[in-house]
Structures are given as structure tokens and as C-alpha cells.
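Please read this briefing alongside the sequence and the predicted model shown below. The points are grouped by topic, beginning with the contacts of one residue.

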Amino acid sequence: MRSSPSIVPADRLDRDIYLVFEDFGARAGCAWRETDEADTDLETVLQDIISGQYAYPLRIVCFNPVEGWSRDATSDVADALAERAANTADEITPALQDFINANAKRRFDLQLALPLRGVVR
């Protein structure tokens, strides 16, 4: 059987693609979120989760069709979200906090001691 070339140019897919599996509630259930091709990079997914575009993310999958691999990136994304939450003053929703608590491998909720100016030891 003769193989046909892809109709999608390879240069458009030669990158890591992130898709979010989201819980839409008891009536709607869970589904992979429809996403524009341009919004499937890690940075955009992180920003969309923090901004509330995804209310209840359950799982994030990363794949690269050109290299031929896929993996569960949920823990990596949760770690990145936890790090951003610890380093910014942005408010984190309870659902996002639950996602981070359930999936992050590293802890970022430790308060570090800061040096105080003018204090003599």
C-alpha cells in the first residue's frame, strides 16, 4: 500500500503540544478541551489555567507528532503552576489549588526568611 504525505506541514507540528482534559461538571462530564492550534504551547496553557480559562483541569497530556512521543505532563504543569503561584501575588482559585495539591511533585508553599534592613545581628 502506498503511503500518502500528511496534509499538515511538518514545520507546524514540530513542537510539543499540550492538551487539557477538563471536568465540566456532573451534567456535562469530562472532555478534552477544544483548543486553537496556536494555544497549545506550554506557556499559553499555563497562562490559560491561571487566568481561569480552564476551571477544573484534570490531566494535561503533551505530545510531539514529528518525534512520535506522548506523555502525561500533569505533574510538570502542576509544578510550574505552583512555582508561579509562589512567586506572584496573583490569586489562586480553590479549584486550581486543588489541582496543584493533587498533582505537584514539589512543594512551593514554604515561606522563606527574608533579611530585614537595618537590623543588626
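Leaving aside residues up to four places away in sequence, Ile 49 touches Tyr 54, Pro 57, Ile 60, Val 77, Leu 81 and Leu 96. Three of these names return in the largest nonpolar core, where Ile 49, Ile 60, Val 77 and Leu 81 are the residues with the most contacts inside the core.

**Nonpolar core**

- The largest nonpolar core of the model is made up of 17 residues.
- At least two residues of this core are supplied by each of β1 (17-23), α2 (42-51), β3 (57-64), α3 (74-87) and α4 (94-103), and the largest share, 5 residues, comes from α3.

**Sheet**

- Four strands form an open sheet in the order β2-β1-β3-β4, and their pairing is antiparallel.
- The edges of this sheet are formed by β2 (30-32) and β4 (69-72), each of which pairs on one side only.
- On average, and with direction ignored, neighbouring strands of the sheet are turned by 20° against each other.
- The pairing between β1 and β3 extends over 6 bridges in the antiparallel sense, and Glu 22 stands opposite Pro 57 in β3; Pro 57 is also among the residues that Ile 49 touches.

Notes: Residues are numbered from 1 along each chain as its sequence is written. This is a predicted model: local features need pLDDT of at least 70, side-chain atom pairs count only at pLDDT 80 or more; totals for chains, interfaces and linings use all residues. Side-chain values use heavy atoms; hydrogens and water are left out. A nonpolar core is a set of buried Ala, Val, Leu, Ile, Met, Phe, Trp, Tyr and Cys residues joined through side-chain atoms within 4.5 Å. Buried means under 20% relative accessible area, exposed over 50%, partly exposed in between (1.4 Å probe, protein chains only). Contact means heavy atoms within 4.5 Å. Two strands pair if DSSP finds at least two bridges between them. Axes are lines fitted to C-alpha atoms, for helices over the stretch in contact, and angles run from 0 to 180 degrees between N-to-C directions.
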